[in-house]
Each structure stands twice: as C-alpha cells, then as structure tokens.
Amino acid sequence: KRWPNAASRTTRAPTWAGETVVWAREPDVVESINTTHRNHRYQSEFELPAEVRATLSLEEALDGAELV
C-alpha cells in the first residue's frame with residue numbers, strides 16, 4: 001500500500017482499526033475535532049474518521065496507547 005506524501009492530495013482517508021486519540025493544546029481544536037471531525041485550524045478541508053477523537057489531556061491520549 002502506498003501512502004501519499006504531505007504534498008500530494010487524496011480523496012480517500014487511511015483506514016483505522018479502533019479508536020485514535022489525538023492530543024491537542026487548543027480547546028477550540030479539540031471541540032472542532034470532536035464535534036465536526038475536522039481540525040478547523042489546520043487542513044480543515046479534510047474530514048477525520050469517526051474513530052478519531054481529541055483531548056486536552058496528554059495522559060488521556062497516551063493511556064493504553066499501542067503506538068505513539
């Protein structure tokens with residue numbers, strides 16, 4: 001499977017297995033990801049999968065993580 005580099009565009013998102021938790025420092029980014037499945041500050045044109053959620057807590061983001 002070939003992954004696009006940062007400069008390329010794709011209309012298909014990679015497939016996630018299970019929940020992915022993203023740590024963010026900005027409360028508005030966390031709210032945006034959790035409610036609209038988009039990061040309104042960076043690359044807002046891309047919709048994130050429903051399995052992705054954000055948190056302000058680094059501890060919560062790392063809890064039970066298999067890959068960091």
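# Questions on a predicted model

Student: How many helices and strands does the protein have, and in what order do they run?

Tutor: The secondary structure of the protein comes to two helices and two strands. Reading from the N terminus on, the order of these elements is β-α-β-α.

Student: Why do the buried residues of helix 1 line one face of the helix?

Tutor: Helix 1 covers residues 27-36, and its buried residues are V29, V30, S32 and I33. Looking down the axis of helix 1, we find these buried residues within an arc, and so they line one face of the helix. As a general rule, an α-helix has 3.6 residues a turn, so residues three or four places apart point the same way. For helix 1, the arc that holds the buried residues is 165 degrees.

Student: Which strand is included in what covers the buried residues of helix 1?

Tutor: The buried residues in question are V29, V30, S32 and I33. What covers them includes the strand of residues 52-55, which is strand 2.

Student: Is N34 buried, partly exposed or exposed?

Tutor: N34 is found in helix 1, and its relative accessibility is 33%. Since buried means under 20% and exposed means over 50%, N34 at 33% counts as partly exposed.

Student: Which residues does N34 touch, if we leave out those up to four places away in sequence?

Tutor: N34 and A54 are 20 residues apart in sequence, yet their C-alpha atoms are 6.1 Å apart in space. Leaving out residues up to four places away, the residues that N34 touches are R53 and A54.

Student: What accessible area does the nonpolar surface patch with W23 have together?

Tutor: W23 has its place in strand 1, residues 20-23, and at 41% relative accessibility it counts as partly exposed. On the surface, W23 forms a nonpolar patch with L58, L62 and V68, and their accessible area together is about 420 Å².

Notes:
Residues numbered from 1 in each chain as written. Predicted model: local features only at pLDDT ≥ 70, side-chain atom pairs only at ≥ 80, totals over all residues. Heavy atoms only, no water. Buried < 20%, exposed > 50% of the residue type's maximum accessible area, 1.4 Å probe, protein only. Helix = DSSP H or I, 4+ residues; strand = E, 2+ residues; numbered from the N terminus. Arc of directions from axis to C-beta. Contact = heavy atoms within 4.5 Å. Patch = residues over 30% accessible without salt bridge, like charges linked within 9 Å, V, L, I, M, F, W, Y side chains within 5 Å. Areas by Shrake-Rupley, 256 points an atom, 1.4 Å probe, with all protein chains shown as cover. Salt bridge = Lys/Arg side-chain N within 4 Å of Asp/Glu carboxyl O.
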